[in-house]
Amino acid sequence: MRPSAPLTELNRLALDAAYEEACAGRDQGAIPIGSALVTPAGQIVARGRNLRVQTGDPTAHAETVCIRAAGRRRDWHTLTLASTLSPCAMCTGAAILHRIPRVVIGEHDTFLGREDWLCAEGVEIVLANDPRCIALMRTFIAEHPNLWNEDIGVPPAEPSP
């Protein structure tokens, strides 16, 4: 998938905030995925990181945590959601439910989420192909394959008879 828009200053601001959250999660020994919500004026209204490991909550993905942190709002339809990694079906659904019109994605090489669903709902996708995001996830997946597989729902391998 190609970006539908250039990485504007607003998109870069949002992705940088999401990347900071991903690094903070990594530093906590957790899954390094981050997210941020930004207004058209460039105000960061919420941030989130994957808190699944820290909280034991399997729904605590970065985008969901970020949306929860934003609280009750009536301006969802004006916000940009950034995520360091392509959003899964659950997080895509949350973005669609709240009518968020633009999603900036750091990378989708290590995991391709439901970008097809975002597109089908008319959400603008800005794919950054950010080398920082790619390196962060590749390193994490190589160093913690079991934790990564747990997060994306891959069952453990069956022992050989």
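Mentor: Quick ground rule: two strands pair if DSSP finds at least two bridges between them. Helices (H or I, at least four residues) and strands (E, at least two) are DSSP runs, numbered from the N terminus. We're looking at a predicted model, in which local features need pLDDT of at least 70 and side-chain atom pairs count only at pLDDT 80 or more, while totals for chains, interfaces and linings use all residues. Residues are numbered from 1 along each chain as its sequence is written, and side-chain values use heavy atoms, with hydrogens and water left out.

Trainee: OK, how many bridges join strand 1 to strand 3?

Mentor: Take residues 34-38 for strand 1 and residues 80-83 for strand 3; they run antiparallel. Across that pairing, Leu37 stands opposite Leu81. The number of bridges joining the two strands is four.

Trainee: And what does the twist average from one strand to the next?

Mentor: The sheet is open, with five strands in the order 2-1-3-4-5 and mixed pairing. Strand 2 (44-49) and strand 5 (124-127) each have a single partner, so one side of each lacks a neighbour in the sheet. From one strand to the next, the twist averages 15°.

Trainee: What angle does the direction of helix 3 make with that of strand 2?

Mentor: Angles run from 0 to 180 degrees between N-to-C directions, with axes fitted to C-alpha atoms, for helices over the stretch in contact (heavy atoms within 4.5 Å). Helix 1 (residues 9-27) lies across strands 1, 2, 3, 4 (102-105) and 5, at about 145° to strand 1. Helix 3 (residues 62-70) also packs on the sheet, touching strands 1, 2 and 3, and its angle to strand 2 is about 140°.

Trainee: How many residues does the largest nonpolar core have?

Mentor: A nonpolar core is a set of buried (under 20% relative accessible area, 1.4 Å probe, protein chains only) Ala, Val, Leu, Ile, Met, Phe, Trp, Tyr and Cys residues joined through side-chain atoms within 4.5 Å. Residues with the most contacts inside the largest one include Leu37, Ile67, Trp76 and Leu81. Helix 3, helix 4 (89-97), strand 4 and strand 5 each supply at least two of its residues.

Trainee: Ala95 touches Ile67, so how far apart are Ala95 and Leu118 in space, C-alpha to C-alpha?

Mentor: Ala95 is found in helix 4 and is buried, with a relative accessible area of 1%. Leaving out residues up to four places away in sequence, Ala95 touches Ile67, Leu81, Ile100 and Leu118. Ala95 and Leu118 are 23 residues apart in sequence, yet their C-alpha separation is 8.3 Å.

Trainee: Which cysteine sulfur is nearest to that of Cys66?

Mentor: The structure holds zero disulfides (pairs of cysteine sulfur atoms within 2.5 Å). Cys66 is in none, and the nearest cysteine sulfur is 10 Å away, in Cys91.

Trainee: Where does Arg99 lie?

Mentor: Arg99 has a positive phi of about 60° although it is not a glycine. It is exposed (over 50%), with a relative accessible area of 64%. Its place is the loop between helix 4 and strand 4.
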